[in-house]
Every structure is written in C-alpha cells, then in structure tokens.
Amino acid sequence: MLIRNAADIPGSEITPEASFLERRAVLTGALAAGLVGAAWPVARAAELPAAAGTAIAPAPARNAAYSVGETPNTFEDITHYNNYYEFGTDKTDPAANAGAFRTRPWSVTIAGEAEKTGNFTIEDILKPHALEERVYRLRCVEAWSMVIPWLGFPMGELLKRFNPTSKAKYVEFTSVFDSKQMPGQREDLLPWPYVEGLRIDEAMHPLAFMVVGVYGRTLPNQNGAPLRTMAPWKYGFKNGKAIVRIRFTESQPRNTWNVANAHEYGFYGNVNPTVDHPRWSQATERRIGGSFFSGSRQKTLMFNGYADQVASLYQGMDLRKYY
Ligand SMILES: Nc1nc2c(c(=O)[nH]1)N[C@H]1C(S)=C(S)[C@@H](COP(=O)(O)O)O[C@H]1N2
Ligand SMILES: [Mo]
C-alpha cells in the first residue's frame, strides 16, 4: 500500500490558504442563505480515504457555531511544528520521521464500563459519523498556540454508541505502542504508550471532538493519524494521537505527563492563565506563524477562550488544586 504523506504532497496540490478561506466563506454564506441543504453532500467518515494526508471529498462543511473567527494557521505550520514524542522531541521531528508510519490496518479496542466492548476496525469506528470542520484554538502547555481547521465528529456521539454504564465516570484514551515504527518509543522519553483521559462529562461535552483530518485532508501522520482527540479548552497534551484503545473507567485514569512529572502536569490540564507552569508563566502565549518579533504574543484566555461553554463543568472546584 502506497501511503502519501502530507510531507510528500507537492505544494501545488495543497489548497493555498487564500482559496481555502474563500471556499469556506462561500460555503458559510450559502449556509446562511439556506441554500445548502440537499445540494451540499454530507461528508461521511465511511468514505474517508485510508491514506494519511489525502483530500476528503466532499469537503466537510464548517460548523460555524463551534468555530473561532480567527484566521487558521497555515497547513505548513500545522504539519511542521508538532509535539509527538513517539517520533522525536524536536518540533520538526514528527514531520521528518512519521512519513512511513502505517495507519492501516488499524483497530480500536473499546474496554471497561460499557455494554458494548471489544475490538473494532477503524472503518467500523468511523462509519456512522458525519464529518464537519471546526476551527479550534490549540494551546500547548509550552505557551504557544495555533488555530486549526480540524475535521471530525463529536466525541460524545462515538462514546454513546458503546452504551457506557453508570460506573463510567472517566474515559481513558491510549495511543499506539509500536516501537518498531516509532523511534521515540525506543527511548525512555515518556512512560509508553501515551495515555490520556477525560472526565465523562468533559468527554460528552459538545466541544470534545474526534479528529480524523485537517484542512480538507485526512490527518497527516504527524498530527495523529488515523484518529486523535481534541478538547480545545485544555492544553495540547490532553489530546492523544493515534488512538488504539478507549476505556471507560470508574476511577481517574493515569495520564502520561502526570505520571512523568506530577508537579508540572495535572490530570485536568485546563488552559488557565492564572495557574503558571512551575517553570514559566501561562499568562501569555506565542501564536505560531505570527512575526517572531512583533505582535505574535497575546494574552492567554481562561479555558483557551471557551469559558462560556465549559466553565460550568468545573463549578466549585479549586482550579489551583485541580490543574
Ligand atoms: N501520542 C501522543 N499524543 C500527543 C503528544 C505526544 O507526544 N504523543 N503530544 C501532545 C502535545 S504536548 C501537544 S501540544 C499536541 C500537539 O498536536 P499537534 O502536533 O497536532 O499540533 O499533541 C498532544 N498529543
Ligand atoms: Mo503541548
């Protein structure tokens, strides 16, 4: 199987940012005018191309209600400034090293406190879901941020299919362990595999998203193909890539960065400008792609700007304790 990766796609095939935005503007206008309806085919995950970094047709429509108005970062920035320690610790390592990573065949195990558990092919996992585009902010704990047009479907829609029981208080997401393909896993960088988790009400929140693509394409390997999570009000590390296991649990899952360094990384990982990382301030962030010297540093927003939608999840909690 020949997998073409984003890094190998000639620039001429990549939608230039301007025309991408124009296409979106036309679509948004059409939606506003009520013109779309049956005329605009719905992108279904069932028809998703298997290869990472390939164009999805029809292009999923943007869900404006769940998108920020800021201009997205370029495809180049989003795919060449990554954190994915399985492929190395430098920001450019994932793009350089993930090219040959195989994302088919792929299966996802559903385990724990749910009525329907077992092994599912990625095709079975994705099949019923209609895809949409959501432009989300991503804020890394390292105090940089991007704006990314993800493609995917609501996490809650996926989780509900397995009928979680009343004991399912949390959901754990495990990334793939494949040290043959992932050079970083042959080193002691983190306790492998990468594991993350959410409280069940966080996972069911309409903003929580399962991501299968970006910028009209299936996810490039360096961004977490074939499936990754995205809770945009949390620091980037909460969103595991290349998910192979979803487990419903009664007690709080262990999460990789917390296991590696509990003093610096908590379970919640909510973006919070008033709770500094022990080694640096979280009050501001650098928007990747802006000029390095002027105007690219901006104030970090509580819950990454999603406070209106998610603050109620944490009512009565001491967010200094639950960082
Ligand atoms: N499996 C896995 N998932 C991961 C990471 C990782 O190293 N391994 N890094 C996290 C961090 S720290 C960030 S900021 C985001 C970066 O996502 P992006 O490269 O798509 O922007 O992925 C997160 N998910
Ligand atoms: Mo991060």
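Modeller: Let us begin with a strand residue: Glu132 is found in strand β3, which spans residues 132-139. Please bear in mind throughout that this is a predicted model.

Colleague: Is Glu132 buried or exposed?

Modeller: Buried means under 20% relative accessible area. Glu132 has 17% relative accessibility and therefore counts as buried.

Colleague: Which side chain joins that of Glu132 in a polar contact?

Modeller: The partner is Asn63, and the two side chains are 2.9 Å apart in this contact.

Colleague: Where is Gln181 placed, and is Gln181 buried or exposed?

Modeller: Gln181 belongs to the loop between β5 (170-175) and β6 (195-199). With a relative accessible area of 17%, Gln181 is buried. Its side chain reaches the backbone nitrogen of Arg102 at 2.9 Å, and a polar contact of 2.7 Å joins it to the side chain of Asp178.

Colleague: What polar atoms of the protein lie by the nitrogen atoms of ligand 1?

Modeller: A polar side-chain atom of Glu86 is 2.8 Å from a nitrogen atom of the ligand, and an N or O atom in the side chain of Ser175 is 3.1 Å from a nitrogen atom of ligand 1. Taken alone, ligand 1 exposes 540 Å², and the protein buries 98% of that. As for an oxygen atom of ligand 1, a backbone N or O atom of Tyr85 lies 2.8 Å from it.

Colleague: Let us turn to the backbone. Which peptide bonds are cis?

Modeller: Most peptide bonds are trans. Here, a cis bond joins Ala57 and Pro58, with omega about -5°; Pro58 lies in the loop between α1 (17-32) and α2 (75-80). The bond from Arg104 to Pro105 is also cis, with omega near -10°, and Pro105 lies in the loop between α3 (93-97) and β1 (107-112).

Colleague: Which residues other than glycine have a positive phi?

Modeller: Most residues other than glycine have a negative phi. Among the exceptions here, Ala242 has a phi near 45°; this residue lies in the loop between β9 (228-230) and β10 (243-249) and is buried at 0% relative accessibility. Asn304 has a positive phi of about 60°. Asn304 lies in the loop between β12 (297-299) and α8 (307-310), and is buried with a relative accessible area of 1%.

Methods:
Residues are numbered from 1 along each chain as its sequence is written. Chains are lettered from A and ligands numbered from 1 in the order in which they are written. This is a predicted model: local features need pLDDT of at least 70, side-chain atom pairs count only at pLDDT 80 or more; totals for chains, interfaces and linings use all residues. Side-chain values use heavy atoms; hydrogens and water are left out. A polar contact is a pair of N or O atoms within 3.5 Å; within protein, one must be able to donate a hydrogen and the other to accept it, and residues adjacent in sequence count only if both atoms are side-chain atoms. Accessible areas come from the Shrake-Rupley method with a 1.4 Å probe; for residues, only the protein chains shown count as cover. Helices (H or I, at least four residues) and strands (E, at least two) are DSSP runs, numbered from the N terminus. Buried means under 20% relative accessible area, exposed over 50%, partly exposed in between (1.4 Å probe, protein chains only).
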